[in-house]
Amino acid sequence: MKSCDVVLLGAGHAHLGVLRLWAAGQRPPGRIVLISPQPYAWYSGMLPGLLSWRYQAEDCRIALEPLCQAAEVELVSGNVEHLDARQSLVHLDSGQLVKGRFISVNLGGQTRLPPLQNPTLDILSVKPFSQFLAGWHRWQQEGHRSLAIIGGGPAAVELALALSNQPVGQELALICQGELLSQHPPGLRQRVRRLLALQAVELREHSQVECVQGDSVRVAGGRSLPYERLIMATGSAPLSCWQSSGLALDKQGFISVNPQLQALHHKHIFAVGDSASLPGATRNGVYAVRMGPVLAANLSASLKDKPLQAYKPQAQSLALLSDGSGGALLSWHGLSASGRWVGWWKHWLDQRFMQRHRIAGLPA
Ligand SMILES: Cc1cc2nc3c(=O)[nH]c(=O)nc-3n(C[C@H](O)[C@H](O)[C@H](O)COP(=O)(O)OP(=O)(O)OC[C@H]3O[C@@H](n4cnc5c(N)ncnc54)[C@H](O)[C@@H]3O)c2cc1C
């Protein structure tokens with residue numbers, strides 16, 4: 001068994017920020033490990049650009065080894081299978097056990113799936129990204145087929161716009177259970193509906209998917225829609241391993257944390273990003289990134305037995321959605337805009353994020 005002062009679970013957005021700050025000189029003393037199934041972290045904000053051929057894979061991922069080396073953190077390869085909160089023990093799929101005085105969880109979530117009844121169509125979940133991208137490349141080699149994307153949030157919209165901009169056209173539908181982009185201003189919805197229509201994407205709103213049965217998708221009202229391929233982009237669901245962790249969970253099964261980002265009844269365990277549940281915090285990359293500096297400070301303070309900081313979720317966050325052809329759409333505080341200039345702005349922000357986490361001179 002490996003014993004450490006701090007165990008970081010997952011190379012999510014907040015942990016990347018923690019590593020960056022520690023690499024810049026704020027690392028606390030002690031033995032620290034990061035557990036990740038892969039040697040790099042994918043950046044979701046650039047995934048639509050990768051699918052629409054604007055970026056290469058290397059542009060959209062951050063190499064973990066150089067970042068860990070700079071932060072003096074040991075990178076352990078593996079998938080977290082179980083967390084025992086009381087014993088502060090992490091079980092990896094390799095059989096390895098890792099014990100931490102403090103443990104920080106930044107494992108994201110998993111894609112929600114509808115009931116699957118002997119599905120014969122090909123289904124890809126958008127997360128984990130590495131599996132999604134491998135499946136997408138396989139589909140491209142097999143040739144085009146009719147495709148439906150299930151989901152109505154920004155990620156589903158960005159995927160639909162990116163995939164409608166492929167060199168080889170394909171029949172493409174976007175199916176959402178309620179109104180498209182229901183958390184965003186009406187102006188953004190109108191812009192997106194116009195773009196989807198221009199790109200010949202069939203939009204089906206208020207079509208809750210009840211199940212996937214054989215070769216079709218059954219939506220509320222009893223209609224069956226035949227497709228050959230499905231992409232699930234239905235938002236974050238909690239990882240099932242939290243159920244047996246002993247941690248306090250919210251009604252949906254996410255880890256409940258206090259403003260200091262500590263698990264409610266296990267103060268030596270921190271949780272951030274999509275894995276965590278904190279009133280006022282939305283599950284997206286922007287909030288996960290903002291948790292990073294507070295988490296870094298609180299892990300250091302915990303090791304030194306000093307007072308912790310509170311994370312205050314921002315009231316509003318800027319959403320920038322790629323339009324699949326170099327431009328982007330913007331939603332902020334009830335306002336919306338779109339165009340090439342929004343695309344340039346998004347590109348600049350994405351590049352800045354990537355550069356901050358790359359250690360100069362080392363490849364992605
Ligand atoms: C196509 C798409 C586009 C998006 N665009 C945006 C955007 O522009 N802006 C925005 O704010 N949000 C965006 N999102 C949402 C955003 O991706 C998530 O909300 C965000 O990634 C959550 O960050 P996180 O740090 O909690 O987890 P993640 O970024 O999901 O990181 C979790 C990490 O944990 C690792 N991991 C998972 N399971 C295990 C395990 N069992 N063991 C070990 N490691 C594990 C993963 O490999 C990953 O590195 C997008 C989502 C999608 C699908």
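**Helix packing and strand pairing in the predicted model**

Helix 3 is followed by E72, whose phi is positive, near 55°. The structure is a predicted model, in which local features require pLDDT of at least 70 and side-chain atom pairs are counted only at pLDDT 80 or more, whereas totals for chains, interfaces and linings use all residues. Residues are numbered from 1 along each chain as its sequence is written, and side-chain values use heavy atoms, with hydrogens and water left out. Helices (H or I, at least four residues) and strands (E, at least two) are DSSP runs, numbered from the N terminus.

Within helix 3, the residues L64, P66, L67, C68 and A71 are buried, that is, under 20% relative accessible area, where over 50% is exposed and the range in between partly exposed (1.4 Å probe, protein chains only). These buried residues pack against helix 1, helix 8, strand 2 (32–36), strand 3 (40–42), strand 4 (61–63) and strand 5 (74–77); contact here denotes heavy atoms within 4.5 Å.

Helix 1 (residues 13–26) packs with helix 3 (residues 64–71) at an angle of about 45°, their axes being 7 Å apart. Helix 1 is therefore oblique to helix 3. Axes are lines fitted to C-alpha atoms, for helices over the stretch in contact, and angles between N-to-C directions run from 0 to 180 degrees; those under 35 degrees count as roughly parallel, over 145 as roughly antiparallel, 65 to 115 as roughly perpendicular, and the rest as oblique. Helix 1 passes helix 3 in a left-handed crossing, a term applied if the near helix is turned anticlockwise from the far one by less than a right angle, with right-handed used if clockwise. The contact is made by L16, L19, R20, W22 and A23 of helix 1 together with L64, L67, C68, A70 and A71 of helix 3. The residues of this contact comprise nine nonpolar, no polar and one charged. In this division, Ala, Val, Leu, Ile, Met, Phe, Trp, Tyr, Cys and Pro count as nonpolar, Asp, Glu, Lys and Arg as charged, and the others, Gly among them, as polar.

Helix 1 also meets helix 8 (residues 340–357): the two axes come within 9 Å and cross at roughly 50°. Helix 1 and helix 8 are therefore oblique to each other. In this contact, H13, L16, G17 and R20 of helix 1 meet F353, R356 and H357 of helix 8, and the residues divide into two nonpolar, three polar and two charged.

An open sheet is formed by three strands in the order 24-25-26, with antiparallel pairing; two strands pair if DSSP finds at least two bridges between them. Strand 24 (319–322) and strand 26 (335–339) are the edge strands, each pairing on one side only, and the twist averages 15° from one strand to the next. Five bridges join strand 25 (residues 328–332) to strand 26, and A328 stands opposite G339 in strand 26. Helix 6 (residues 186–198) packs on the sheet, touching strand 25 and strand 26, and its direction makes about 165° with that of strand 25. Helix 8 likewise packs on the sheet, touching strand 24, strand 25 and strand 26, with its direction at about 95° to that of strand 26.

Elsewhere, strand 10 (residues 116–117) runs parallel to strand 15 (residues 209–213), to which two bridges join it; the bridge partner of Q117 in strand 15 is Q213. Strand 15 is joined to strand 16 (residues 216–219) by four bridges in an antiparallel arrangement, where V209 has V219 as its bridge partner. Strand 15 and strand 16 form a hairpin with two residues between them, and G214 in the turn has a positive phi of about 60°.
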